[in-house]
Amino acid sequence: MPIEQIKDIVDYGIIGLLFFLSFITFAYAIERVLFYRSIRVTDYRNKTALELDISKRLPTIASIGSNAPYIGLLGTVLAIILTFYIIGEQQDTINPGEIMKHLALALKATAAGLVVAIPATVIYNALLTQVDTILAKWEIAQDKNA
């Protein structure tokens, strides 16, 4: 596989995938916050139905938060392989600037994975707290009706 293709896979494939996952995370988070604001716990007679409605999309956000670092790590490994390939190919005339560019690409992939994972994990935990609050409000409403 040519060097430029590997570089494009890391730059556009891995970083692009992480950007897409970040977009999904924020879109789902906004949708969930808007849904939580509009929910009326008194409309639910069944706790399981309420849990199903308020838990939608949360596993996706959790999966993105837990897997984004691995996707970034994949980009890092590919970029390091690329760097070693360049070093092996240019043994006699190694250009330190070229090596540093490719190592920076590796670090960029790692950073991108973390930039996606950290907010996704924070968002997931914040939404999970909202879920617990809504379930507690439902139980209080049920106690009042009993």
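Thr25 is buried, with a relative accessible area of 2% (buried means under 20%, exposed over 50%, partly exposed in between, with a 1.4 Å probe and protein chains only). This is a predicted model, in which local features need pLDDT of at least 70 and side-chain atom pairs count only at pLDDT 80 or more, while totals for chains, interfaces and linings use all residues. Residues are numbered from 1 along each chain as its sequence is written, and side-chain values use heavy atoms, with hydrogens and water left out.

**Fold and overall form**

- Along the principal axes, the C-alpha atoms fill a box of roughly 85 × 20 × 20 Å.
- Among contacts with a separation of 6 or more, 81% join residues 24 or more positions apart (contact means heavy atoms within 4.5 Å).

**Around Thr25**

- Thr25 sits in helix H1.
- Its contacts, leaving aside neighbours within four places in sequence, are Ile61, Ile64, Ala120 and Ile123.

**Nonpolar cores**

- The largest nonpolar core has 16 residues. Such a core is a set of buried Ala, Val, Leu, Ile, Met, Phe, Trp, Tyr and Cys residues joined through side-chain atoms within 4.5 Å.
- Helices H1 (3-38), H2 (47-55), H3 (58-89) and H4 (96-145) each supply at least two residues of this core. H4 gives the most, with seven.
- Tyr36, Ile39, Leu50, Ile54, Leu127, Val131 and Ile134 have the most contacts inside the core.
- Ile134 touches Tyr36, Ile39, Val41, Leu50 and Ile54, not counting residues up to four places away in sequence.

**Surface and burial**

- Of the 146 residues, 33% count as buried.
- The accessible surface comes to about 9,000 Å², and 65% of it belongs to carbon and sulfur atoms (Shrake-Rupley method, 1.4 Å probe; for residues, only the protein chains shown count as cover).

Methods
Helix = DSSP H or I, 4+ residues; strand = E, 2+ residues; numbered from the N terminus.
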